[in-house]
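This briefing is meant for a reader who has not seen the structure before. Please look over the sequence and the model, then read the points below.

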Amino acid sequence: MSIEVSNESGHEVDEAEFAALGRYVLDAMHVHPQADLFVRFVDTATMSDLHVRWMDEPGPTDVLSFPMDELRPGREGEPTGPGVLGDVVLCPEVAATQARAAGHSTVEEMLLLTTHGILHLLGYDHAEPDEEKEMFALQRRLLLTFLAGR
């Protein structure tokens with residue numbers, strides 16, 4: 001499994017921790033060991049540009065996901081096929097603002113957003129209430145079990 005983490009944001013990021021989270025989530029979702037994931041941290045100007053270009057919405061956002069091969073979760077003993085899962089792009093500055101409002105650390109917020117972004121790459125969404133309930137419960141379980149194992 002290839003997980004590349006790139007920090008272009010100017011904020012301190014423990015790239016190894018985010019690679020470990022990515023590996024944990026992909027393993028838990030039974031994604032093929034030869035799947036590729038790219039996690040990129042960017043500044044607010046870059047995120048604003050991406051948000052306008054891809055979502056037609058102004059200003060920076062917290063996380064964007066760009067799926068490539070449209071891989072979906074596998075099952076125990078039946079992983080997905082190999083391929084490029086895609087890119088998760090995060091903005092630490094937006095994450096820091098959200099973390100303060102939520103009452104937890106910026107790192108915790110970025111770990112949550114990374115998990116959220118990976119689930120989007122795997123086809124999960126939260127547009128409908130039942131989808132949101134499923135995705136957010138899975139996101140919470142994955143993040144909590146990752147943090148418990150650190």
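**Helix packing**

Helices α1 and α4 pack at an angle of about 40°, and their axes lie 10 Å apart. The model is a predicted one: local features need pLDDT of at least 70, side-chain atom pairs count only at pLDDT 80 or more, and totals for chains, interfaces and linings use all residues. Residues are numbered from 1 along each chain as its sequence is written, and side-chain values use heavy atoms, with hydrogens and water left out.

Terms for the helices:
- Axes are lines fitted to C-alpha atoms, for helices over the stretch in contact, and angles run from 0 to 180 degrees between N-to-C directions.
- Helices (H or I, at least four residues) and strands (E, at least two) are DSSP runs, numbered from the N terminus.

α1 with α4:
- On α1, the contact (heavy atoms within 4.5 Å) involves E17, F18, L21, G22, V25 and L26; on α4 it involves V107, M110, L111, T114, T115 and I118.
- This contact of α1 with α4 has 8 nonpolar residues (Ala, Val, Leu, Ile, Met, Phe, Trp, Tyr, Cys and Pro), 1 charged residue (Asp, Glu, Lys and Arg) and 3 polar residues (the others, Gly among them).

α4 with α5:
- Helix α4 (residues 106-121) packs against helix α5 (residues 129-148) at an angle of about 130°, with the axes 10 Å apart.
- Residues of α4 including L111, T115 and L119 meet residues of α5 including F136, L142 and F146.
- By class, the contact of α4 with α5 comprises 10 nonpolar, 4 polar and 1 charged residues.

**Sheet**

- An open sheet of 4 strands runs in the order β1-β2-β4-β3, with mixed pairing (two strands pair if DSSP finds at least two bridges between them).
- Its edge strands, β1 (2-7) and β3 (63-67), each pair on one side only.
- From one strand to the next, the twist averages 15°.
- β2 (residues 36-41) pairs with β4 (residues 84-90) in the parallel sense over 6 bridges.
- Helix α1 (residues 15-28) lies across β1, β2 and β4, at about 145° to β1.

**R40**

- R40 has V89 in β4 as its bridge partner.
- R40 also forms a salt bridge (a side-chain nitrogen of Lys or Arg within 4 Å of a carboxyl oxygen of Asp or Glu) with E8, and the closest N and O atoms are 3.0 Å apart.
- That pair links distant parts of the chain, with R40 in strand β2 and E8 in the loop between β1 and α1, 32 residues apart.
- The whole structure holds 3 salt bridges.
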